[in-house]
Amino acid sequence: MTNWPPPRHLVGAWLALLALLVLTVSLAHLPLGAFNAAIAMSIGAVKAAIVAAIFMELRHRDATTLIFAGAGLFWLGILLWLGMMDFLTRT
């Protein structure tokens, strides 16, 4: 079995995800009121962008792949929006 060093960008992305995890957990214990959810969602979006760019290798793909990845996010947004509207309109 040969030992190979992992690429630097993968190690950097892993360390960034760990740092964002620590930041998320530490901010969850601070009394920020309504800003807790907004900050947690922002950190989650940054984590998702790191995973998509580095681990899914979307930064090296052509425009067609990026369009389909964006279409998937678009439909996910529609489904979340419809689910939230159903939840909010129930009495």
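This report walks through the helix packing, the core and a few individual residues of the structure above.

## About the model

The model is predicted, so a local feature needs pLDDT of at least 70 and side-chain atom pairs count only at pLDDT 80 or more, while totals for chains, interfaces and linings use all residues. Residues are numbered from 1 along each chain as its sequence is written, and side-chain values use heavy atoms, with hydrogens and water left out.

## How H1 and H2 pack

Let's start with two helices, H1 (residues 8-28) and H2 (residues 35-55), whose axes come within 10 Å and cross at roughly 170°. Helices here are DSSP runs of H or I with at least four residues, numbered from the N terminus. The axes are lines fitted to C-alpha atoms over the stretch in contact, with angles from 0 to 180 degrees between N-to-C directions. H1 and H2 are therefore roughly antiparallel to each other, a label for angles over 145 degrees.

Contact means heavy atoms within 4.5 Å. On the H1 side, the residues meeting H2 include His-9, Leu-10, Ala-13 and Leu-17; among their partners in H2 are Ile-43, Ile-50, Ile-54 and Phe-55. The residues of this contact divide into 17 nonpolar, 3 polar and 1 charged. In this scheme Ala, Val, Leu, Ile, Met, Phe, Trp, Tyr, Cys and Pro are nonpolar, Asp, Glu, Lys and Arg are charged, and the others, Gly among them, are polar.

## The nonpolar core

The largest nonpolar core has 6 residues: Ala-13, Leu-17, Leu-20, Ile-43, Ile-50 and Ile-54. H1 and H2 each supply at least two residues of this core. A core of this kind is a set of buried Ala, Val, Leu, Ile, Met, Phe, Trp, Tyr and Cys residues joined through side-chain atoms within 4.5 Å.

Ile-54, in helix H2, is a handy residue to look at. Its relative accessibility is 16%, so Ile-54 counts as buried (buried is under 20% relative accessible area, exposed over 50%, partly exposed in between, with a 1.4 Å probe and protein chains only). Leaving aside neighbours within four places in sequence, Ile-54 is in contact with His-9, Leu-10, Ala-13 and Arg-59. Ile-54 and Ala-13 are 41 residues apart in sequence, yet 6.9 Å apart in space, C-alpha to C-alpha.

## Residues beyond the core

Leu-21 lies in helix H1 and, at 42% relative accessibility, counts as partly exposed. Glu-57 sits in the loop between H2 and helix H3 (63-89). Glu-57 is also partly exposed, with a relative accessible area of 40%, and has a positive phi, near 55°, in a residue other than glycine.

## An aromatic pair

The count comes to 1 aromatic pair. Phe-74 and Trp-75 form this edge-to-face pair, 5.9 Å centre to centre with 75° between the planes. Rings of Phe, Tyr and Trp (its six-membered ring) pair if their centres lie within 6.5 Å; planes over 60 degrees apart count as edge-to-face. Both Phe-74 and Trp-75 are exposed.

Definitions and conventions. Angles under 35 degrees count as roughly parallel, over 145 as roughly antiparallel, 65 to 115 as roughly perpendicular and the rest as oblique. Rings of Phe, Tyr and Trp (its six-membered ring) pair if their centres lie within 6.5 Å; planes under 30 degrees apart count as stacked, over 60 as edge-to-face and the rest as tilted.
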